[in-house]
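Please look through the structure below slowly, and keep the sequence beside it as you read.

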Amino acid sequence: ISKRKSLLLSSCVVIPLTVSFIALNKIDNRFVEYFDKSIKFRQDTDFIMNNLTGIYYFAFSLPAENEGGICDPDYLKSLDEFEKWLKTDKRVNHVYSFSNIIKTINRNMNSDEESHYVIPESREIAAQYLLMYELSLPFGQDLNSIVNIDKSATRFTVTLKNVSTSEIRDIAEKAENWLKNNSYMPVNSTAAGTSVMFAHIFNRNIKGMLTGMAAALILISLLLFFAFKSVRFGIISLIPNLIPILLAFGLWGITVGEVGLALSGVGAMTLGIVVDDTIHFLHTYLKARTRFSMNSFNAVKYTFATVGSELITTSIILIAGFSILTLSAFKINSDLGILTAITIAVALLADFILLPVILLYIDKK
């Protein structure tokens with residue numbers, strides 16, 4: 001009470017500054033990094049990405065104009081140009097295209113001269129190369145994994161390095177745009193694969209959770225207006241309800257800067273706990289003001305004496321419980337535990353420091 005002015009001024013500086021760091025957060029995910037390096041799956045995956053190809057990939061089904069059209073030189077040159085364009089992106093690790101097979105055969109048929117590692121000029125020659133290659137394959141093997149039955153479309157596969165979900169969406173979108181604007185292909189093709197699928201799922205889920213949290217905050221605020229029978233106290237209650245979540249994400253922006261699948265639900269989950277503390281504090285404060293006719297100073301003292309220890313006890317229990325999740329080797333669990341514990345701790349400080357100061361200044365009558 002005696003330090004209310006300095007507390008209010010310092011809060012007006014610290015809170016906006018910390019909240020501004022939310023902009024440093026980016027909605028992103030890295031599937032492999034969900035697992036700690038002590039997990040064998042993570043170790044094997046890191047080895048694959050560092051020494052072999054990678055686990056992130058997507059593919060295109062690229063159709064030709066007609067049956068057998070994949071041997072058309074224009075179609076093959078379009079595949080070749082698409083491959084060269086993709087390889088200019090440093091995030092691309094490897095590209096596998098049907099044009100590679102034709103160029104390799106053309107080189108082999110010309111004394112392995114590197115100058116012949118090109119697309120044949122004749123459709124008939126390319127068709128003969130394809131037939132010869134299919135006939136030379138061992139028993140049980142064929143080209144059905146990259147060429148369809150009537151030779152009217154091929155599979156074009158792009159393997160990526162250790163990239164995030166936003167980078168996967170970015171590369172796939174740029175590749176689709178390139179095909180629309182530069183390709184010989186008669187039909188627009190879209191990127192497909194589990195990496196692309198989960199990249200879009202995570203993005204939509206995260207945005208949906210954040211939107212849901214905002215909607216929940218609005219609805220809870222409206223309910224608090226009716227519960228306290230006062231628009232003024234309903235608005236006051238928004239401050240300690242919203243600030244802890246914003247401060248927690250601001251601190252996360254400074255330290256980590258990546259909001260993944262688990263963290264998108266932290267706001268909605270902790271909102272109920274934060275609101276519960278605020279309701280306890282304000283309800284007891286209003287009871288002291290109305291039922292016992294106390295002034296704002298004595299009402300704050302009464303509130304601390306009545307519910308202060310309970311709020312501290314429940315907050316410590318919740319912080320300790322969620323902190324156990326930080327020991328998990330699964331990143332989703334550990335990040336969830338860290339940010340939830342931070343949010344609850346900040347909420348307790350907001351209810352014990354910021355909310356009483358606001359009440360002392362606004363509720364003087």
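How many residues does helix α8 have, and how far does helix α8 reach from its first C-alpha to its last? Helix α8, residues 231-255, has 25 residues and reaches 37 Å, close to the 36 Å expected at 1.5 Å a residue, where the expected span is 1.5 Å times one less than the number of residues. Helices here are DSSP runs of H or I with at least four residues, strands are runs of E with at least two, and both are numbered from the N terminus. This is a predicted model, in which local features need pLDDT of at least 70 and side-chain atom pairs count only at pLDDT 80 or more, while totals for chains, interfaces and linings use all residues. Residues are numbered from 1 along each chain as its sequence is written, and side-chain values use heavy atoms, with hydrogens and water left out.

Within α8, a kink of about 25 degrees lies at L242, shortly before the proline P244; the bend at a residue is the angle between axes fitted to the seven residues ending there and the seven starting there. Just after α8, G257 takes a positive phi of about 85 degrees.

Rings of Phe, Tyr and Trp (its six-membered ring) pair if their centres lie within 6.5 Å, and planes under 30 degrees apart count as stacked, over 60 as edge-to-face and the rest as tilted. The rings of Y34 and F202 have centres 6.3 Å apart and planes at 75 degrees, so this pair is edge-to-face. Because Y34 lies in the loop between β1 (26-27) and α2 (40-51) and F202 in helix α7 (residues 194-228), the pair ties together parts that are 168 residues apart in sequence. Y34 is buried, with a relative accessible area of 10%, and F202 also counts as buried, at 12%; buried means under 20% relative accessible area, exposed over 50%, and partly exposed in between, with a 1.4 Å probe and protein chains only.

The rings of F35 and F330 have centres 5.3 Å apart and planes at 50 degrees, so that pair is tilted. F35 counts as partly exposed, at 28% relative accessibility, and F330 likewise, at 26%. Ring pairs link Y34, F35, F41, F198, F202 and F330 into a cluster.

Finally, the largest nonpolar core has 59 residues, and F82 is among those with the most contacts inside it. Such a core is a set of buried Ala, Val, Leu, Ile, Met, Phe, Trp, Tyr and Cys residues joined through side-chain atoms within 4.5 Å. Its largest share, six residues, comes from helix α6 (residues 165-182).
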